[in-house]
Amino acid sequence: MKFYIETYGCQMNVADSELVITILSTAGHTLVSDINEAELIMFNTCSVRAHAEDRVLGRISNERHRKKANPSLMIGVLGCMAQRIGKRLIDDHLGIDFAIGVDQYDQLPQILSSGIYKEHIKLDFDSEQVYPDLMPSHQSKTCGFVTIMRGCNNFCTYCIVPHVRGRERSRPWHDVYADVLQAGKQGLKDITLLGQNVNSYNNAEIDFSDLLRKINEIDEIERIRFITSHPKDLSYKLIDTMAECSKICEHIHLPLQSGNDRVLNEMNRGYTSAHYMSLITRLISMIPNIAITTDLIAGFPSETDDEFRDTLSLMQDIQFDYSFCFKYSPREGTTAASFPHQIAEEIRLARLQEMIDPQREITLSKFRSNIGKEVEVYVEDISKKDANMVSGKTRDYKIAVLPGNSSDIGTLKTAIVREATAGTLIC
Ligand code: SF4
């Protein structure tokens, strides 16, 4: 069967889609990149915000016409949205043949070959599921994602993830090591280790710092990245490891969410703004050229204007290289969705804009501070805007373009930054 897969949401979903490709390819099915050739269309979905779900519903609705022309065509929904509302999706007769949750992907070949896929739902959580012995089918020729753990135990009050991805479990360290080695042998030099909270990785007395040190020894790879870190679990041991291991890139994504302690407590984040600042101070003192990015939420239930201003103030103090700013999106089933004093949409939107505007200025000045400096770029592709330029990322996770051609793809180049926008270094 020819299958096509469309992926939404975070890198965990990208990695899960690569796992599904391995599972189906091993069972004799063939991945196609053109949806028109597909006998099976799958959407790997995200539930983090209502907007993400609406986009997928729109896409499913757009593709329904194909089933009229070709009744044997199958459409399946995978991932967080399947887990959250898979039954509803089937019951609503949207033209979906099956919904498979995040712990059941290895059941896919069986479901397809049994012929009982019509309106099939497989959504059980499996607290042990780590998909052992399955190497992901990396779709990039340069950068690879390797999942080191699944699920989350933190239950931040706004977050749907623990409800749709189950409890935290770490993959055996030797499986992770084997996946990274294999990716390196395939020519992927830039590896991102993935988990909802990589800082709490633990397997057979190997913690995340230990894992990083082992991976740092793999000759075939040049760069190590990881997401996502949690401020309550980011240890000084890990910061020291980042400073000491040459392949760990000078970038950390450390979600702050709010700069106000009462709001952080309502979010069940488990740290204070002072603790967060102490981590930033330590990171900068140990890794002076580190880039720090974050996630921020505007308009969490009961957030006052003064409390929101604490977030703006901390943004100025820290000067994040980039912030992913979101207005609070209530998710059915989460604790915060039933909190009293939900903030009106127009206030959430206004606060969001108040975050985005200064961050744009900060990001621009961060990018411009690189002008005249030498950067190392791992070339990933031909530039989309200029066929005589190539594009890639710096070690501190900034997109850079420089003169080059297709023979440069997959190589590390050094270049001097000539100009900068708020999204690109131009060398
Ligand atoms: S740490 Fe919090 S925000 Fe992150 S996935 Fe877990 S519950 Fe969600």
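The C-alpha centres of domain 2 and domain 4 lie 25 Å apart. The structure is a predicted model, in which local features need pLDDT of at least 70, side-chain atom pairs count only at pLDDT 80 or more, and totals for chains, interfaces and linings use all residues. Residues are numbered from 1 along each chain as its sequence is written.

The protein divides into domain 1 (2-122), domain 2 (138-249), domain 3 (257-368) and domain 4 (374-426). These bounds come from an automatic or database domain assignment. Nine residues of domain 2 are in contact with eight residues of domain 4. Contact here requires C-beta atoms, placed from the backbone, within 7 Å. The side of domain 2 that touches domain 4 has two nonpolar, two polar and five charged residues. In this classification Ala, Val, Leu, Ile, Met, Phe, Trp, Tyr, Cys and Pro are nonpolar; Asp, Glu, Lys and Arg are charged; the others, Gly among them, are polar.

Two packed helices are described by the angle between their axes and the distance between the axes. Axes are lines fitted to C-alpha atoms, for helices over the stretch in contact, and angles run from 0 to 180 degrees between N-to-C directions. Helices (H or I, at least four residues) and strands (E, at least two) are DSSP runs, numbered from the N terminus.

Helix α6 (residues 173-185) packs against helix α7 (residues 208-216) at about 35°, with the axes 10 Å apart. The crossing of α6 and α7 is right-handed. A crossing is right-handed if the near helix is turned clockwise from the far one by less than a right angle, and left-handed if anticlockwise. In α6, W173, V176, Y177 and V180 meet L211, K214 and I215 of α7. This contact has six nonpolar residues, no polar residues and one charged residue.

The axes of helix α8 (residues 236-244) and helix α10 (residues 273-286) come within 9 Å and cross at roughly 25°. Helix α8 is therefore roughly parallel to α10. Angles under 35 degrees count as roughly parallel, over 145 as roughly antiparallel, 65 to 115 as roughly perpendicular and the rest as oblique. The α8 and α10 crossing is right-handed. Y236, I239, D240 and A243 of α8 meet R282, L283 and M286 of α10. Five nonpolar, no polar and two charged residues make up this contact.

Helix α11 (residues 305-318) and helix α12 (residues 345-368) have axes that come within 11 Å and cross at roughly 10°. Helices α11 and α12 are therefore roughly parallel to each other. F308, L312 and M315 of α11 meet R351, E354, M355, P358 and Q359 of α12. The contact of α11 with α12 divides into five nonpolar, one polar and two charged residues.

Most residues other than glycine have a negative phi, and most peptide bonds are trans. A cis peptide bond joins I227 and T228, with omega about 0°. N268, a residue other than glycine, has a positive phi near 60°.

How values were computed
Contact = placed C-beta atoms within 7 Å.
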